[in-house]
Amino acid sequence: MKKRWIYLLTAVMLAAGVCAAEPVVGDAAPLQADADGFVDGDCSLTVYPEDPNKEESDRFGEDLREADVVIDLYQVAEAVKVQGYDACRYDVKSGYDLTIPEAPEAGDWEALAQEAAKAALNGSASGTLIQSGISAGTETKLDAGLYLVIARGRSLTNTADYLTEVTQKNEETGEETPKFATVANSRKNAYLFAPQLVSLPSRTADENGVVNTANPGEWIYDMDISLKPEQTGRFGSLEIIKTLSSYETEEGVEEPMTCVFEVTGILDEETVYSNVESITFTSAGQERVVLDRIPAMAQVTVREVYSGAGYELTVPGDRSTVVAADEVASVDFENIYTGEQKKGYGIKNQFVYDENSGWQWYSDPPQSANGNQGTPRTAAQ
């Protein structure tokens with residue numbers, strides 16, 4: 001049987017449409033039905049995470065291959081031949097509360113795919129899973145019907161690990177709509193896939209790009225489809241652990257001691273993270289600070305650029321580590337008091353842009369100066 005490529009690049013290509021009551025057109029072989037009226041014939045589906053025929057520069061390539069995408073297939077409906085016409089309709093399976101319009105448009109199929117994914121992945125139609133963990137590019141033999149295609153990372157076996165929600169914004173109205181998506185992860189990036197509905201057999205798109213089982217032309221029983229994922233970066237965190245072995249007091253008065261760190265992250269020979277952080281002590285002991293949203297797999301170097309007046313590192317030099325996605329890497333520093341009576345202090349400054357007020361200056365400790373807004377803002381602020 002001849003194969004056809006169906007590229008899932010736009011919403012109009014998400015699936016084949018339902019039948020319309022039209023007589024047989026053209027010389028192509030018409031649909032055949034079994035004794036129960038279901039469409040007869042062997043079908044197959046091969047799914048690729050991205051178009052393998054794209055230019056190399058446009059592909060996600062090795063990073064997407066590292067994500068090890070697999071496919072789960074759910075049968076949403078059986079295909080029933082419409083008596084007297086070379087067309088079919090769908091007999092929706094139990095667990096799916098789907099109403100398929102007689103003349104569906106692109107937006108209809110997108111919404112139906114979302115509803116089908118909700119039913120399949122939240123359990124009400126989980127029994128319709130017919131193939132799980134199919135390697136990308138593997139041909140799967142199937143009966144005629146309507147199928148839900150779910151792409152995920154092979155290692156993500158629990159629904160909660162690979163099902164997420166994204167926000168789709170309407171560029172014309174500005175309205176934001178939550179949508180289901182599934183995830184496959186490489187070490188650096190997450191790949192988001194929209195659920196897709198595919199009809200087997202199907203027909204080629206009409207002049208408007210709409211796929212409908214009543215379109216003229218030959219039936220396609222064996223299809224290769226290419227998905228179109230979105231790539232988004234993954235992040236990790238870095239914890240700087242600081243130990244102060246001894247602490248200076250002057251005539252019983254404890255003076256705050258501040259250490260300042262310069263943090264730089266390099267990924268693929270580019271600087272992807274740069275920050276300055278500080279830790280303040282009022283007694284001997286251990287303090288720590290956590291820096292978030294550092295790009296995953298970045299090589300992070302931490303340099304103590306100020307060790308506090310009268311203090312020094314027990315082990316001089318920078319500390320380096322690699323930040324992994326969704327994990328907290330750490331580096332350690334230890335300072336001791338040198339015995340020298342020195343005065344010194346540190347200030348942590350933070351500049352935050354506000355759409356209404358412009359740049360705002362925060363500091364820790366707060367400064368008695370025009371424009372200072374007090375202690376630095378937290379993420380919640």
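Tutor: Let's start with strand 10 and strand 11 (residues 176–185), which run antiparallel and are joined by seven bridges. Strands here are DSSP E runs of at least two residues and helices are H or I runs of at least four, both numbered from the N terminus. This is a predicted model, where local features need pLDDT of at least 70, side-chain atom pairs count only at pLDDT 80 or more, and totals for chains, interfaces and linings use all residues. Residues are numbered from 1 along each chain as its sequence is written, and side-chain values use heavy atoms, with hydrogens and water left out.

Student: What's the bridge partner of Leu-163 in strand 11?
Tutor: Thr-182 is the bridge partner of Leu-163 there.

Student: And in what order do the strands of that open sheet come?
Tutor: The order is 10-11-12-15, four strands with antiparallel pairing. Two strands pair if DSSP finds at least two bridges between them. The edge strands are strand 10 (163–169) and strand 15 (230–233), each pairing on one side only. Neighbouring strands are turned by 45 degrees against each other on average, direction ignored. Angles run from 0 to 180 degrees between N-to-C directions, with axes as lines fitted to C-alpha atoms, for helices over the stretch in contact.

Student: Which helix lies across strand 10 and strand 11?
Tutor: Helix 2 (residues 106–121) does, running at about 60 degrees to strand 11. Contact means heavy atoms within 4.5 Å.

Student: How far apart are the end C-alpha atoms of helix 2?
Tutor: They are 23 Å apart, which agrees with the 22 Å that its 16 residues should span at 1.5 Å a residue. The expected span is 1.5 Å times one less than the number of residues.

Student: Which residues of helix 2 are buried?
Tutor: Trp-109, Leu-112, Ala-113, Gln-114, Ala-116, Ala-117, Ala-119, Ala-120 and Leu-121 are buried in helix 2. Buried means under 20% relative accessible area, exposed over 50%, and partly exposed in between (1.4 Å probe, protein chains only). Just after helix 2, Gly-123 takes a positive phi of about 110 degrees.

Student: How does strand 16 pair up with strand 21?
Tutor: Strand 16 (residues 235–244) runs antiparallel to strand 21, with nine bridges joining them. Phe-235 stands opposite Pro-295 in strand 21, and Gly-236 stands opposite Ile-294. With strand 25 (residues 328–337), strand 16 runs parallel, joined by eight bridges. There, Leu-244 stands opposite Asn-335.

Student: How many residues of strand 16 are buried?
Tutor: Eight of its 10 residues are, so strand 16 is largely enclosed by the rest of the structure.

Student: Is Ile-294 buried or exposed?
Tutor: Ile-294 counts as buried, because its relative accessibility is 0%. It is found in strand 21 (residues 285–295). Leaving aside neighbours within four places in sequence, Ile-294 is in contact with residues including Arg-234, Leu-238, Tyr-273, Val-300 and Val-323.

Student: Switching to cysteines, how many disulfides does the structure hold?
Tutor: Zero, taking a disulfide as a pair of cysteine sulfur atoms within 2.5 Å. The closest cysteine sulfur to that of Cys-43 is in Cys-88, and at 9.9 Å it is too far for a bond. Cys-43 counts as buried at 1% relative accessibility, as does Cys-259 at 0%.
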